[in-house]
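Please keep the view open while reading.

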Amino acid sequence: MRKKTLLLLLAFALMLSVVLTGCTATDKPEPTPPAPAETATPAETPAEEPEPAPTEEPAERSLTIAVVNDPTTMDPHVRDSSTELQIINHFYDALVNYDTDLSLQPGLAESWEIINDGYTWQFHLRKDVKFHNGNDFNADDVVYTLDRIMSDDTLQMNVFLFRIDKVEKVDDYTVNITTKVRYPVFAGSLKSIMILDKESTEGLSSEEISDNPNGTGRYRFVEHVRESHVDAERNEDYWGEKPQATSVRFRVISNPATRTAALLSGDVDLISAVPVLDVESLSKDPNIKLISISGLSCNYIGMNQYDDDPEGTTTPNPLKDVRVRQALYHAIDIDEIIKTIMSNQATAAVSY
């Protein structure tokens with residue numbers, strides 16, 4: 001039996017890294033060329049060449065984004081959680097990235113290929129990339145980062161690296177990662193593995209790393225006020241395309257109605273996790289742009305069909321009988337759930 005499940009369609013899936021990265025930096029206007037001086041005659045004093053018009057700096061642009069939860073840590077390896085990643089992704093970079101179609105794109109690694117009969121991945125790193133403290137990024141940082149995660153089972157990012165056998169530095173800008181088995185989709189496992197600066201991070205506790213995030217990302221960390229906000233400023237030395245906003249505040253507003261009200265009042269510029277019940281009314285507001293994309297979250301019922309006597313029961317496990325599981329499943333009206341609970345902001349998944 002193949003179960004249908006709910007694949008949540010985020011009513012306002014605010015993919016922050018896409019939103020901020022997609023903005024192009026405002027170019028400075030070219031200086032006004034000086035007017036040509038007239039040719040002087042012997043009886044005239046040569047005209048002074050006028051000074052070029054001063055170059056105008058682009059206007060400061062700030063952005064306030066309402067998020068649902070306050071990050072519990074700014075150490076990028078501690079938690080595999082969207083709460084942390086939607087903010088940390090702006091301070092740090094990974095070797096690879098995904099675009100909105102989930103296609104792999106270069107990150108701190110410009111390119112990569114599989115060698116050694118399919119067991120070894122060779123990554124070619126970007127040059128002239130600097131961490132926010134001015135240290136150069138190189139292969140030592142990659143090896144240190146991966147070794148740190150693999151050697152500590154308490155770091156949740158460890159789950160993405162358990163197929164790695166060893167990590168080796170080839171030269172300052174080349175790293176070989178050998179997997180225990182042939183693993184053709186391994187590069188995608190590195191998407192959320194943010195690279196730390198070995199020189200300034202080695203020997204620090206997770207709390208110390210969290211207190212002072214130092215990555216290569218498009219924004220620099222400014223401050224984190226618990227249960228209030230996280231402030232960031234644009235990294236003017238960023239190796240890639242600079243975002244348009246010069247400063248960003250991630251403001252914690254947990255209550256859905258309050259987030260919507262803050263958007264309507266102009267108190268914030270963007271909100272994530274728009275309540276599905278507000279989608280229809282917001283879509284009619286000419287001053288609001290609603291963005292909806294397919295999400296990766298999936299709601300489903302997990303049935304314990306393995307234990308003979310599950311804890312808390314007094315009879316043999318009825319879920320071991322496939323007919324019972326089928327009966328429970330057929331009693332679920334997926335279309336009605338999508339319509340009434342999700343306000344049509346969901347689709348029935350076609351696979352588990």
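Accessible areas here come from the Shrake-Rupley method with a 1.4 Å probe. On that basis, the accessible surface of the chain comes to about 20,100 Å². Carbon and sulfur atoms hold 49% of this surface. The model is a predicted one.

The chain is made of 9 helices and 14 strands. Its length is 352 residues, and 40% of them count as buried. Contacts can also be sorted by distance along the sequence: among those between residues at least 6 apart, 63% join residues at least 24 apart.

One place to begin is an open sheet of 4 strands. Its order is β5-β6-β8-β7, and the pairing is antiparallel. The edges are formed by β5 (109-115) and β7 (164-171). Each of these has a single partner strand, so one side of each is left without a neighbour in the sheet. On average, neighbouring strands of this sheet are turned by 20° against each other, direction ignored. Helix α3 (residues 139-150) packs on the sheet and touches β6 (120-125), β7 and β8. The direction of α3 makes about 165° with that of β7. Within the sheet, β7 and strand β8 (residues 174-179) run antiparallel and are joined by 6 bridges. Lysine 166 can be found opposite threonine 178 in β8.

In soluble globular proteins, nonpolar side chains tend to be buried together. The largest nonpolar core of this chain has 28 residues. Those with the most contacts inside this core are Leu95, Phe123, Leu125, Ile177 and Leu190. Two or more residues each are given to the core by β6, α3, β7 and β8. The largest share is that of α3, with 5 residues. What surrounds phenylalanine 123, leaving aside its neighbours within four places in sequence? The residues in contact with phenylalanine 123 include Leu95, Val96, Trp112, Tyr173, Ile177, Phe186 and Leu190. A second, separate core has 22 residues, among them Leu196, Ala232, Val248 and Leu270.

Another open sheet has 5 strands, in the order β9-β10-β11-β2-β12, and its pairing is mixed. The edge strands are β9 (219-225) and β12 (270-271), each of which pairs on one side only. Strand β2 (residues 62-67) is joined to β12 by 2 bridges, and the two run parallel. In this pair, isoleucine 65 has leucine 270 of β12 as its bridge partner. The strands β2 and β11 also run parallel, with 6 bridges between them. Here leucine 63 has valine 248 of β11 as its bridge partner. Is β2 enclosed or open to the outside, and what decides that? Of its 6 residues, 5 are buried, so β2 is largely enclosed by the rest of the structure.

The loop between β10 (229-234) and β11 (247-252) holds glutamate 241. Glutamate 241 has a relative accessible area of 42% and is therefore partly exposed. Arginine 218 is 23 residues away along the chain, and the C-alpha atoms of glutamate 241 and arginine 218 are separated by 8.3 Å.

Backbone angles pick out a few more residues. Most residues other than glycine have a negative phi. Leucine 102 is not a glycine, yet its phi is positive, at about 65°. The place of leucine 102 is the loop between β3 (96-98) and β4 (104-106). With 47% relative accessibility, leucine 102 counts as partly exposed, because that class lies between the limits of 20% and 50%. Asparagine 116 likewise has a positive phi, near 60°, and lies in the loop between β5 and β6. Its relative accessible area is 49%, so asparagine 116 is partly exposed.

The last stop is helix α9 (residues 334-341), whose N-terminal end is capped by aspartate 333. A side-chain oxygen of aspartate 333 lies 3.4 Å from the backbone nitrogen of aspartate 335. After α9 comes serine 343, with a positive phi near 50°.

Note on methods: Residues are numbered from 1 along each chain as its sequence is written. This is a predicted model: local features need pLDDT of at least 70, side-chain atom pairs count only at pLDDT 80 or more; totals for chains, interfaces and linings use all residues. Side-chain values use heavy atoms; hydrogens and water are left out. A polar contact is a pair of N or O atoms within 3.5 Å; within protein, one must be able to donate a hydrogen and the other to accept it, and residues adjacent in sequence count only if both atoms are side-chain atoms. Buried means under 20% relative accessible area, exposed over 50%, partly exposed in between (1.4 Å probe, protein chains only). Two strands pair if DSSP finds at least two bridges between them. Axes are lines fitted to C-alpha atoms, for helices over the stretch in contact, and angles run from 0 to 180 degrees between N-to-C directions. Contact means heavy atoms within 4.5 Å. A nonpolar core is a set of buried Ala, Val, Leu, Ile, Met, Phe, Trp, Tyr and Cys residues joined through side-chain atoms within 4.5 Å.
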